[in-house]
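Subject: Structure handover

Hello,

The structure you asked for is below, with the sequence alongside. My notes follow it; please read them with the model open.

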Amino acid sequence: SQVLEDADVICATCVGAGGEQLAGISFPVVVLDEGSQCAEPEALIPLTKGACHVVLVGDHFQLPPVVQSQEAAAKGLDLSLFERL
């Protein structure tokens, strides 16, 4: 855990950023790669950990977020934060 606390760069999935191993670690700069494939609730996880600067990288004309529930998709959870912005 000290290694993570001392690291200049930490690479994680959006969901992994909210995991137990990274609890208590803030991310002042977040680079969200493939941002168009990430559902909006997923993208918010690393952004809620102290993000001051955010870079969303992606192409909303390529693959959309994977949402297996038709009900969730119908309620808008198939939209990425990248596309919304």
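Of the contacts in the protein with a separation of 6 or more, 58% are between residues 24 or more positions apart; a contact means heavy atoms within 4.5 Å. This is a predicted model, in which local features need pLDDT of at least 70 and side-chain atom pairs count only at pLDDT 80 or more, while totals for chains, interfaces and linings use all residues. Residues are numbered from 1 along each chain as its sequence is written, and side-chain values use heavy atoms, with hydrogens and water left out.

Overall layout

The protein has four helices and two strands, in the order α-β-α-β-α-α along the sequence. Helices (H or I, at least four residues) and strands (E, at least two) are DSSP runs, numbered from the N terminus. Along the principal axes, the C-alpha atoms fill a box of roughly 40 × 25 × 20 Å. The exposed surface comes to about 6,000 Å², with carbon and sulfur atoms supplying 56% of it; areas are from the Shrake-Rupley method with a 1.4 Å probe, and for residues only the protein chains shown count as cover. Of the 85 residues, 24% are buried. Buried means under 20% relative accessible area, exposed over 50%, and partly exposed in between (1.4 Å probe, protein chains only).

The largest pocket

The largest pocket holds about 560 Å³ of space. Of its 24 lining residues, Ile10, Cys11, Ala12, Phe27 and Val31 are the closest to its centre. A pocket here is an open set of points on a 1 Å grid over the protein atoms alone, where a 1.4 Å probe fits, with protein on both sides within 12 Å along at least five of seven lines; lining residues have an atom within 4 Å of a point. Grid points are joined across faces, edges and corners, and the volume is the space filled by probe spheres set on the points.

α1 (2-6), β1 (29-32) and α2 (40-47) each supply at least two residues of the lining, and β1 gives the most, with four. By type, the lining has 18 nonpolar, two polar and four charged residues. Ala, Val, Leu, Ile, Met, Phe, Trp, Tyr, Cys and Pro count as nonpolar, Asp, Glu, Lys and Arg as charged, and the others, Gly among them, as polar.

In α2, Glu40, Ala43 and Pro46 are buried. Seen down the axis of α2, these buried residues fall within an arc of 120 degrees, so they line one face of the helix; the arc is that of the directions from the helix axis to the C-beta atoms. An α-helix has 3.6 residues a turn, so residues three or four places apart point the same way. The buried residues of α2 pack against β1 and α4 (81-84).

In the loop between β1 and α2 sits Glu34. Its phi is near 55 degrees, a positive value in a residue other than glycine, and Glu34 is partly exposed, at 40% relative accessibility.

The loop between α2 and β2 (53-56) contains Thr48, and Lys49 is in the loop between α2 and β2 as well. Thr48 is exposed at 63% relative accessibility, whereas Lys49 is buried at 16%. What does Lys49 touch, not counting residues up to four places away in sequence? The list is Ala17, Leu22, Ala23, Gly24, Ile25, Ser26 and Phe27.

Regards
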